[in-house]
Each structure stands twice: as C-alpha cells, then as structure tokens.
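Subject: Structure for your review

Dear colleague,

Please find below the structure that I am handing over to you. My findings follow it, arranged by region.

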Amino acid sequence: TMSYNLYNGCQKTMLVGGADSHVQYNVTLHHNYYKSNKSRLPLARVGNVHIYNCYYESNTTCMSARANAFIFLEANYFKSNSTLTDSSTKFKIKAYNNTFDGTKKTSYISEVTSRDASVSTSNKYDTKFAYKKAISYCSDAQTALNDCKKYSGAGKGNK
C-alpha cells in the first residue's frame with residue numbers, strides 16, 4: 001500500500017512489477033496527489049492494482065496496464081490531464097465512481113455501474129481481487145480531491 005504521497009513534477013513516477021517474473025499480486029494506492037508528472041502513475045505489470053481516492057492534476061499520461069496487469073480505479077478525481085492511459089496499455093482498466101474533469105479517456109477504460117461488476121479482459125488476473133477492506137475507507141471523488149490536497153505530502157500528516 002502507498003498512501004498520502006505527493007508526486008510533483010516527476011518524469012516516471014511508479015513501476016509496479018518490472019518484468020513477468022516480478023509478480024505483484026495486490027497493490028493498493030490511495031489518497032495520493034499526482035501533480036504535473038509525465039507518466040507512470042503507475043505503469044503496472046503482472047498483478048492487480050486498486051487505485052482509490054487519488055487526485056490527478058495536470059499530468060501528461062496518468063497510467064498504463066501491461067503484461068497481465070489489472071487496474072481498478074475507484075472514486076478518483078482527474079483534472080486537466082492530457083490523457084488517462086498511454087497507447088501501450090494492453091488491458092482494460094475498470095473504472096467506478098470517478099470524476100473526469102478535462103481528462104481524455106481512452107477505449108481501455110471500462111466504466112461500470114457497480115464496484116463489483118466484472119469487465120471483459122484477456123489477462124490472467126481477476127477483476128475482483130482483494131479490495132474488500134477498502135470499502136469502509138473509500139469516499140467519493142470530490143472528497144478525495146479535498147483530502148489529497150489537505151493531507152498528501154511530507155509533513156502534512158494523515159487524517
């Protein structure tokens with residue numbers, strides 16, 4: 001789990017699973033504030049990534065799902081990003097209850113009406129991985145925006 005971090009002005013921010021042998025079964029990213037970065041927020045390979053209550057502002061490319069990765073976006077706020085995914089994204093990204101304010105979505109995004117809905121994907125990981133514990137902590141996208149601005153970053157402290 002990575003939470004309450006501020007990433008500001010980075011070139012390549014985060015790689016989850018560097019090669020097919022680097023299996024990251026379940027990774028959770030929440031309440032992170034990504035501002036003015038170039039890419040890899042994250043770039044995911046071989047595993048499941050649950051991203052909830054994060055705030056993405058003015059980034060070039062937000063994320064990519066490659067090599068049997070599955071990303072579940074839940075209740076995040078995306079403001080004025082160039083694009084949500086890059087052209088190397090090979091797998092569907094499941095999205096539920098997010099706000100896309102001036103951010104271009106691609107065909108790799110599968111928006112669902114329920115957090116438990118499945119999406120069609122050709123990778124070996126399931127759309128229903130171990131995110132059940134996050135239910136009680138997950139707020140809506142607008143609250144996430146406010147919380148990330150207030151609490152994310154060194155010395156700000158968690159709520």
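Strands are DSSP runs of at least two residues in state E, numbered from the N terminus. On that basis, Ser64 belongs to strand S8, which covers residues 61–74. Please bear in mind throughout that this is a predicted model.

Beyond its neighbours within four places in sequence, Ser64 is in contact with Pro42, Leu43, Ala44, Ile71, Asp86, Ser88 and Thr89.

Strand S8 pairs with S6 in the parallel sense over 9 bridges. Within this pairing, Ala44 has Ala65 in S8 as its bridge partner. S6 itself is mostly covered, with 9 of its 10 residues buried. S6 also pairs in the parallel sense with strand S3 (residues 15–16), over 2 bridges; there, Leu15 has Leu43 in S6 as its bridge partner.

S8 pairs with S11 as well, again in the parallel sense, over 4 bridges. Glu74 stands opposite Tyr96 in S11. From S11 the pairing continues to strand S13 (residues 109–111), parallel and over 3 bridges, where Ile93 has Ile109 in S13 as its bridge partner.

**The nonpolar cores**

Which residues have the most contacts inside the largest nonpolar core? This core has 25 residues, and those with the most contacts inside it are Ile51, Tyr56, Met63, Ile71 and Leu73. Two or more residues each are given to this core by strand S4 (24–30), strand S6 (43–52), S8 and strand S11 (93–96). The largest share, 6 residues, comes from S8.

Met63 illustrates the contacts in this region. Not counting residues up to four places away in sequence, Met63 touches Leu41, Pro42, Ile51, Tyr56, Ile71, Leu73, Phe78, Leu84, Thr85, Asp86, Thr89 and Ile93.

Tyr56 is found in strand S7. Is this residue buried or exposed? Tyr56 counts as buried because its relative accessibility is 0%. Leaving aside neighbours within four places in sequence, Tyr56 is in contact with Tyr34, Leu41, Ile51, Cys62, Met63, Tyr77, Phe78, Lys79 and Asn81. One of these contacts, Asn81, is 25 residues from Tyr56 in sequence, yet the two C-alpha atoms are 7.2 Å apart in space.

S7 and S9 pair in the parallel sense over 3 bridges, and Tyr56 has Phe78 in S9 as its bridge partner. Both strands belong to an open sheet of 5 strands with parallel pairing, in the order S2-S5-S7-S9-S12. Strand S2 (6–8) and S12 stand at the edges; each has a single partner strand, so one side of each is left without a neighbour in the sheet. From one strand to the next, the twist averages 5 degrees.

**Helix H1**

Helix H1 spans residues 141–151, and its buried residues are Ala141, Ala144, Leu145, Asp147, Cys148 and Tyr151. An α-helix has 3.6 residues a turn, so residues three or four places apart point the same way. The buried residues of H1 pack against strand S5 (33–35), strand S7 (55–57), strand S9 (77–79) and strand S12 (99–101); these strands are among those of the open sheet described above.

Both ends of the helix have a feature to report. Asp140 caps the N-terminal end of H1, with a side-chain oxygen 3.1 Å from the backbone nitrogen of Gln142. Just after H1, Gly153 takes a positive phi of about 120 degrees.

**Cysteines**

How many disulfides does the structure hold? The structure holds 0 disulfides. Cys62 is buried because its relative accessible area is 0%, whereas Cys10, at 27%, is partly exposed.

Yours sincerely,

Definitions and conventions
Residues numbered from 1 in each chain as written. Predicted model: local features only at pLDDT ≥ 70, side-chain atom pairs only at ≥ 80, totals over all residues. Heavy atoms only, no water. Buried < 20%, exposed > 50% of the residue type's maximum accessible area, 1.4 Å probe, protein only. Contact = heavy atoms within 4.5 Å. Polar contact = N/O pair within 3.5 Å; in protein donor to acceptor, adjacent residues only side chain to side chain. Disulfide = S-S within 2.5 Å. Core = buried A, V, L, I, M, F, W, Y, C linked by side-chain atoms within 4.5 Å. Pairing = 2+ DSSP bridges. Axes fitted to C-alpha atoms, helices over the stretch in contact; angles between N-to-C directions.
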